[in-house]
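Subject: Structure handover

Hello,

Here is the structure for you to look over. My notes come after it.

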Amino acid sequence: MKDRTFFWFILPTLSAMILFIALPIVSVFVQSLHIQHEQVLVVSESCGPFGCEETSAVDQEATRALREAQPLGKFNGLRTYINRSHLAFAEIAEEWRAADSLGTFLARVYNLPFYKALAFTLTYTAVVTPFVLALGLAVAVGVNSLPKLLKGPTIFVSLLPMIVTPLVGSLILFWMVDGDGVIGATLQRVFDDPSLSLKASPTLTWIMLMVYGIWHSLPFSFIVFYAGLQTVPKDTMEAAMIDGATTWQRLRFVTIPHLAPLATFVTLMQLMDNFRVFEPIISFQAQAHATSLSVVIFNDLRESGNPLYGSAGATSMMTIIGVAILLTPVLIRTWKAGRASAAKAH
Amino acid sequence: MTTKALSRTTPLTVISFALVAAWLVIAAFPFLWTLWGSFKVQADFFSKADWTNALRGVETLRETGSAFTGQGYYGAWVQEDFWRAVLNTGIVVFFTVIISLTFGTLGGYALARSGKRYAFWILMAALVFRAMPHITLVSGYLLPFFEWNVWGILPTTIVVLVAINQPFTLWMLHSFFLNIPKDMDESAMVDGCTRFQAFRHVIIPVMWPGVITTGLFSFLLAYNDFAVTSMLLSEQNQTMIPAIASFLGSTQVEGNVMFAVAAVVSATAPLFVLVMVFQRQIVSGLTAGAVKG
């Protein structure tokens, strides 16, 4: 295709991506280097019979004017990145000196908002991803051996947790595990503890969120593995059977190696998706016990009437760096595939 | 003989059947429960004393005189103006899908037919863009949108959703167009068509299966979005998902959780129909990237 024609074909989509994905990333970076203006203080001296007294008051008018004139705020360099609500280097150094054991040190660091969010995000990603892979494979193998008539309806039902809006899906589960909901009330009866509440304990909240994550993502890995199972080479399977391989051995030595590339694909997609976990924490109203990087950004922007653009920008930049690290293997893989197919074409 | 041996009942197959059955219950039960419960009153849906109350509707019978009630739906749709959010969602989703697909087919076609180095780079960039968490992008939009006075209106949200949709749409349509033989449009060009005429008369008539599959995923992205719509739309322009989220804040105080339950069921119903009608396309779309890559 001629360069000129190519340009006109690609123009709409490329300009959309540059204007609303690439530039916002730049804008986020610029915002993260700025901080909101402080309030303008006016100092007035009032003299009475017992001497003079200095009082300072906030000049609302001037503050608003200043903020309107320079909505970005004033330049702050990288200071937002290292303040208490982000990387908090000073606080960590302080805790390191003060803490008497590694345990207390980690506990203190965990109380810093950025590290708290990071801890949950990483744990969530690390726990949900393997569960989704293993259970998805198990369900796929199970569905594959179902009679043909049942496969369609089974796949229909299996797709639902993934297709449904994440916010809505997590709300549905949230209502069920509520102290008065069907699961919550049943659990209270089973453990004979009327005060048992999944929302009150941090550990249970984490477990609940991860169970939701597995429920939501399992269909994706199931569908991919199920499609992969349709292409398992029949010859190899028969040869294995003639050699006397048991069902388990056939699964272990024929099916699973065949599915390995798909597993890599699912893992990479899951790592990226789980890293941005957001909606369930909002739905479960779990922010007291579990926050993620996305939720921290959301809260900064939601700061009523007075969004903290600088703070949100700094967290966003660090999230983007995290995504970039996770993405590197995908990029290398696609890069190699692209090179290979280009080499084939020549 | 092979098929017989393959389908022999072993402990492993029994276990896998049990697992599938358990998964089906876990996947479907929350939806059935909420659908059934949305026609009850709150005292039944959240019944501490006896969970079967929610099935039989004891309190519903006492309060309304019938085992089923549409109170939740009336409250959500009429009292709380949920219909307005539904309408907004309709507008946003419709335009997002149409514009995404128009941009995406043009771009995807060009990328599939180019074979130049820069085409590969654009695809790589799209892959990076696709991985960006939406909320980080939103934090880049807010300030400029406030400054330009375009915050809170539907067109802004549509444009943003179209842009966020592009990386995925491009990749999917790109791989779809690769499967349409090059000879088709190239022979049309030998006959004197321009590139665009070849696209218009030869490619467009055969591209619909791929476009429909891609369109489904664009639809899901726009319909399910919370990060963008909740931050970029003003109160009266809210779409369904942020409306449901804001319901929660207000209704729990008033004890009208059932409004939110009814709204949730209303928002989920179209997705059910979608999966039912387009199950095959959704499955093929999900696996397209995996099986080929």
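This is a predicted model: local features need pLDDT of at least 70, side-chain atom pairs count only at pLDDT 80 or more; totals for chains, interfaces and linings use all residues.

Residues are numbered from 1 along each chain as its sequence is written, chains are lettered from A and ligands numbered from 1 in the order in which they are written, and side-chain values use heavy atoms, with hydrogens and water left out.

Interface first. Chain B touches chain A with 105 residues, against 96 residues of chain A (contact means heavy atoms within 4.5 Å). The two chains bury about 9,100 Å² between them, 79% of it on carbon and sulfur atoms. Buried area here is the accessible area (1.4 Å probe) that two parts lose on being put together, summed over both. B:Trp23, B:Lys48 and B:Leu143 supply 8% of what chain B buries against chain A, more than any other three residues.

Polar links come next. There are 14 residue pairs in polar contact between the chains, both residues at pLDDT 80 or more. A polar contact is a pair of N or O atoms within 3.5 Å; within protein, one must be able to donate a hydrogen and the other to accept it, and residues adjacent in sequence count only if both atoms are side-chain atoms. Helix 16 (residues 257-292) of chain B gives the largest share of chain B's side, 17 residues. Helices are DSSP runs (H or I, at least four residues), numbered from the N terminus.

Between the chains there is 1 salt bridge (a side-chain nitrogen of Lys or Arg within 4 Å of a carboxyl oxygen of Asp or Glu). A:Asp3 and B:Lys116 form a salt bridge at 2.8 Å, N to O.

Over all chains, the count is 9 salt bridges. One of them joins A:Arg108 and A:Glu95 at 3.1 Å. A:Arg108 is in helix 5 (residues 102-110) of chain A and A:Glu95 in helix 4 (residues 89-98) of chain A, so the pair ties together parts 13 residues apart in sequence.

Best wishes

Note on methods: Helices (H or I, at least four residues) and strands (E, at least two) are DSSP runs, numbered from the N terminus.
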